[in-house]
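Biologist: Hi! Could you walk me through this one?

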Amino acid sequence: VIKQISEYKNKIEEFFDLLILWYRDVLYFKSTENVNNLIFKDEVYDIKKQAAKKSYSGIETILKNLEKTKVRLNANVNFDLSIELLLLTMKEN
């Protein structure tokens with residue numbers, strides 16, 4: 001997966017922004033169970049599944065880690081290691 005992500009190394013900021021929006025939708029649905037204000041309305045089924053699996057603290061941890069990874073990459077930390085840490089955090093939560 002890391003090798004696939006590294007193909008988009010130049011556009012990684014956009015990738016992180018999309019992930020942040022995705023988890024925003026998961027968090028929004030988990031707290032309100034309302035699908036009207038979702039950004040990814042066509043992905044409601046997957047959002048419902050993620051909301052059922054993830055806890056509030058897990059989603060918060062993922063969002064914080066996404067921001068932390070953005071900072072790490074801007075500070076020139078190893079790309080593969082940063083992405084690996086992010087993916088492990090996402091998997092754990």
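Modeller: Happy to. Keep in mind that this is a predicted model.

Biologist: What does threonine 89 touch?

Modeller: Thr61, Ile62 and Asn65, if you don't count residues up to four places away in sequence.

Biologist: And serine 82, where is that found?

Modeller: Serine 82 is also a residue of helix H5. Its relative accessible area is 0%, so serine 82 is buried.

Biologist: Which residues is serine 82 in contact with?

Modeller: Thr69, Arg72, Leu73 and Val77, leaving aside neighbours within four places in sequence. For Arg72, the C-alpha separation from serine 82 is 7.1 Å, with the two residues ten apart along the chain.

Biologist: Nice. Now the loop between H4 and H5: what about asparagine 76?

Modeller: Asparagine 76 lies in that loop. Its phi is near 70 degrees, a positive value in a residue other than glycine.

Biologist: Why point that out?

Modeller: Because most residues other than glycine have a negative phi.

Biologist: Okay. Is asparagine 76 buried or exposed?

Modeller: Exposed, with a relative accessible area of 72%. Glutamate 33 also has a positive phi, near 55 degrees. That residue sits in the loop between H2 and H3, and at 64% relative accessibility glutamate 33 counts as exposed.

Biologist: Let's switch to the inside. How many residues are in the largest nonpolar core?

Modeller: The largest nonpolar core has 21 residues. Ile12, Phe16, Tyr23, Leu66 and Ile83 touch the most other members.

Biologist: Which elements give two or more residues to this core?

Modeller: Helix H2 (12-32), helix H3 (44-53), H4 and H5. The largest share, eight residues, comes from H2.

Biologist: How many aromatic pairs does the structure hold?

Modeller: Two aromatic pairs. One of them joins phenylalanine 15 and phenylalanine 16. The pair is tilted, with 6.1 Å centre to centre and 45 degrees between the planes.

Biologist: And phenylalanine 15, how accessible is that one?

Modeller: Phenylalanine 15 has 32% relative accessibility and counts as partly exposed.

Biologist: What about leucine 18, while we're in that part of the chain?

Modeller: Leucine 18 belongs to helix H2. With a relative accessible area of 48%, leucine 18 is partly exposed. From leucine 18 to lysine 49 it is 18 Å in space, C-alpha to C-alpha, and 31 residues in sequence.

Biologist: Last stop, helix H1. Which residues does isoleucine 2 touch?

Modeller: Isoleucine 2, in helix H1 (residues 2-6), touches Asp80, Ile83, Glu84 and Leu87, not counting residues up to four places away in sequence. Ile83 is also one of the core residues that touch the most other members.

Biologist: How accessible is isoleucine 2?

Modeller: Isoleucine 2 is partly exposed, at 21% relative accessible area.

Biologist: And how far is isoleucine 2 from serine 55?

Modeller: Their C-alpha atoms are separated by 25 Å, and the two residues are 53 apart along the chain.

How values were computed:
Residues numbered from 1 in each chain as written. Predicted model: local features only at pLDDT ≥ 70, side-chain atom pairs only at ≥ 80, totals over all residues. Heavy atoms only, no water. Contact = heavy atoms within 4.5 Å. Core = buried A, V, L, I, M, F, W, Y, C linked by side-chain atoms within 4.5 Å. Buried < 20%, exposed > 50% of the residue type's maximum accessible area, 1.4 Å probe, protein only. Helix = DSSP H or I, 4+ residues; strand = E, 2+ residues; numbered from the N terminus. Phe/Tyr/Trp six-rings, centres within 6.5 Å; stacked < 30°, edge-to-face > 60°.
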